[in-house]
Amino acid sequence: MGDVVQIEKHGDVAVITLDNPPVNALGIAVRRGIMGALDEVEGDADVKAVVLIGKGRGFCGGADIREFGRPREEPILGQVINRIEAMDKPVIAAIHGMAVGGGCEVPLGCHYRVADGTAQIGLPEVKLGLIPGAGGTQRLPRLIGLKPAIDIIVSGEYVGSEKAKALGLVDEIIEGDLLDGALGFANQLIADGKGPRRIRDMTPDATGADEIFEKSRATAARRMRGLIAPQRCIDSVQNALNLPIDEGLQKEREYFSELEVSDQSKALRHLFFAEREAHRIPGVPKDTATRPIKTSAVIGCGTMGRGIAMSLANGGVPVTVLEVDQQALDRGLVMTRDTYAGSVSRGSIKQADMDARLALISGTTSYDDIANADIVIEAVFEEMELKKTLFAKLDEVCKQGAILATNTSSLDVNEIAAATSRPQDVIGTHFFSPANVMKLMENVRGDKTAPDVIATVMKLSKDINKVGVMVGVCNGFVGNRMLYAYRSQAEFLLEEGALPQQVDKVISDFGFPMGPFTMGDLAGLDVGYLVRQHRREIEPPTHRESYIGDRIVEMGRHGQKNRKGWYLYEEGSRTPVPDPEIEELIVGISRELGIERRSVTDQELLERCIYPLINEGAKIFGEGIAIRPSDIDLIWIYGYGFPRGKGGPMFYADLVGTRAVYETMKNLYEEHGEMLRPAPLLEELAKAGKSFAELQAETKIG
Ligand code: NAI
């Protein structure tokens, strides 16, 4: 037995303590240590009961996920848990803090569970494309019933002590010192002559089982579209009902092993690390002191301003919203209240949450009221002159040290910063619509943005439960610049022979929530039209552009908002219906352009949309606008709905192979010209037979 597991006797009770900082991960030393400790207490006739407890921040954070994908040394966790369960002396898990993954399965092998008020218990494996692999899917349903077990396993969410007690997942909540309470519990068992109570001997309640399984599958298919692990979790829980436990455990292990080597799980594990990696930023050391953010302000209470204000309030940051006049302000605040009320009526938040969040949002039309804000986020119209005037004003009124942020989706942050006398305090915080829902904050550092401003905004992203990714300045930044590369190809495909419904189906089958044309109708077509007209006035296009989208707007079709866009929408419906008028328009435009329409295969269509997206990503990374390929993946997963199970565009490129992507790009370039020229970096990787992940590993930052 090593230091990572210790035994101490308290009267008749042996206390086995996990001591493997920081989270008592269940590596091989701990697994061996537990086995050794069990041998020792088993042979000790004086020991009548055993308490298993964790030292430090929590009971146990489960396996070290860096171990995944490698062969495990014996004893594997399942064997350790079986051994705990087989003990003749009652074993009590004493839980505080995190008891997750394997750290939840170990207590399920114990005969009793007690917890203090800090406990967070759960099985998050599904979030990494896996299922619990050490008995979680077999023991939890036996203990708490099918439906609650499925809810916990398929969501991957944690439950606190109160809920765990109500579900029967823990037997008792301990007030005061956990070890004292657990010893008291153990001594009571001894006094009452109660021995082991093994979950394996329990039978799950089968009432309504068929309906439970069917409904859970449908919900998982809808909420976690295209992902295999949630369905496998349900299969495995079903085995808990239908098979003897040892067969169920065997099957669970098989499912786990299959998933562990699957592309989906690799993709989800990649994203798990990517989120942590994104916080390492060149020029911003980890220990950079951040500025305190206790108060905030948002300028503009339109679509984005409202969403940003709600995001801040949801994260507990008080926010003052400033509008041009009282009428616009009132309208914005009423819409904010309505959005929260909608969430309450859907049951996603409680009335008390709504009240608490609304209490953090106040409105004003006076700059005096925002002078003391620690951060001001601007979300007025996308016009450079307006933004410059506004930032000059903020420079005048805001306290020294305030962070001045812009939500611009494409304008030059350096130019905006130059309108102030403090460009070091200016930064981009690009939220995505609807900002209260979408998790991405594409944060944009200007040439002069101070390191502590960068560190503060990245921390704020996390504090308000967003995924922050830091990028540099270029037209459209990372996300929208790539979006442009992808959307323009989708439109050229229409000119060449495809129809919107074909493109949308291929993209949606790939795993995006919807295709580009359905998306356009949802977002509204008129805004983009105005932006394009404006851009063409300033800078006449030098490359091929498609005009189909413009014609559609000129026909008075603005998308879902007037029930006509790329598709038709029936009154009150959001279902796109293909419109012969649009087909006629598209065929007519092909004729005008002298393009002979041809049939486009689904495979060609997919490659023509997704590979240019990857190619643009490679250019952006090559130019140093994105810090690393995995940052680009996060942006596309959290801002644009790229399918999680494919890990983001750059990870997907690695799955396909950089060489295959490059070869296709080369052919497309030869056929279609400059816009599809392969990125130099892609060419380099393809020729070296290297992946983006390998390149990233070689150039690790921080
Ligand atoms: P919006 O038109 O819905 O709202 C703009 C609001 O700003 C209006 O309520 C207007 O009254 C207010 N406003 C204008 N001038 C003002 C001033 N001087 N002082 C105070 N308030 C003023 O526009 P939206 O869509 O919210 O966009 C805002 C910004 O967010 C733009 O820069 C846009 O590019 C960016 N953005 C928009 C996204 C979207 O999907 N709509 C996504 C990401 C960024």
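## Leu394 and the main nonpolar core

In this predicted model, Leu394 touches Ile299, Tyr367, Ile370, Val376, Leu404 and Arg422, leaving out residues up to four places away in sequence; contact means heavy atoms within 4.5 Å. Leu394 is also among the residues with the most contacts inside the largest nonpolar core, which has 94 residues. A nonpolar core is a set of buried Ala, Val, Leu, Ile, Met, Phe, Trp, Tyr and Cys residues joined through side-chain atoms within 4.5 Å. Buried means under 20% relative accessible area, exposed over 50%, and partly exposed in between (1.4 Å probe, protein chains only).

Helix H24 (residues 602-622) gives the largest share of this core, ten residues. Because domain 2 (296-473) and domain 3 (498-597) both contribute residues, the core lies between them; the domain bounds come from an automatic or database domain assignment. A second, separate core has 65 residues, including Val4, Ile16, Val50 and Val154.

## Helix H1

Helices (H or I, at least four residues) and strands (E, at least two) are DSSP runs, numbered from the N terminus. Helix H1 (residues 28-43) has 16 residues and should span 22 Å at 1.5 Å a residue, which agrees with the 23 Å between its end C-alpha atoms. The expected span is 1.5 Å times one less than the number of residues.

The buried residues of H1 are Val30, Arg31, Gly33, Ile34, Met35, Ala37, Leu38 and Val41. Their cover includes strands E1 (5-10), E2 (13-18) and E3 (49-54) and helix H2 (77-86).

## Ligand surroundings

The ligand is surrounded by 21 residues, the closest being Met304, Glu323, Glu382, Lys387 and Ser409; a residue is near a molecule or strand if one of its heavy atoms lies within 4 Å of it. A side-chain N or O atom of Glu382 is 2.5 Å from a ligand oxygen atom. For Ser409, the corresponding distance is 2.9 Å.

## Backbone features

A cis peptide bond with omega of about 0° joins Glu74 and Pro75, and Pro75 sits in the loop between E3 and H2. Another cis peptide bond joins Ser433 and Pro434, with omega of about -10°.

Asn24 is not a glycine but has a positive phi of about 55°. Asn24 is buried, with a relative accessible area of 1%. Asn465 has a positive phi of about 65° and is exposed, with a relative accessible area of 54%.

## Basis of the values

Residues are numbered from 1 along each chain as its sequence is written, and side-chain values use heavy atoms, without hydrogens and water. In this predicted model, local features need pLDDT of at least 70 and side-chain atom pairs count only at pLDDT 80 or more, while totals for chains, interfaces and linings use all residues.

Key. Polar contact = N/O pair within 3.5 Å; in protein donor to acceptor, adjacent residues only side chain to side chain.
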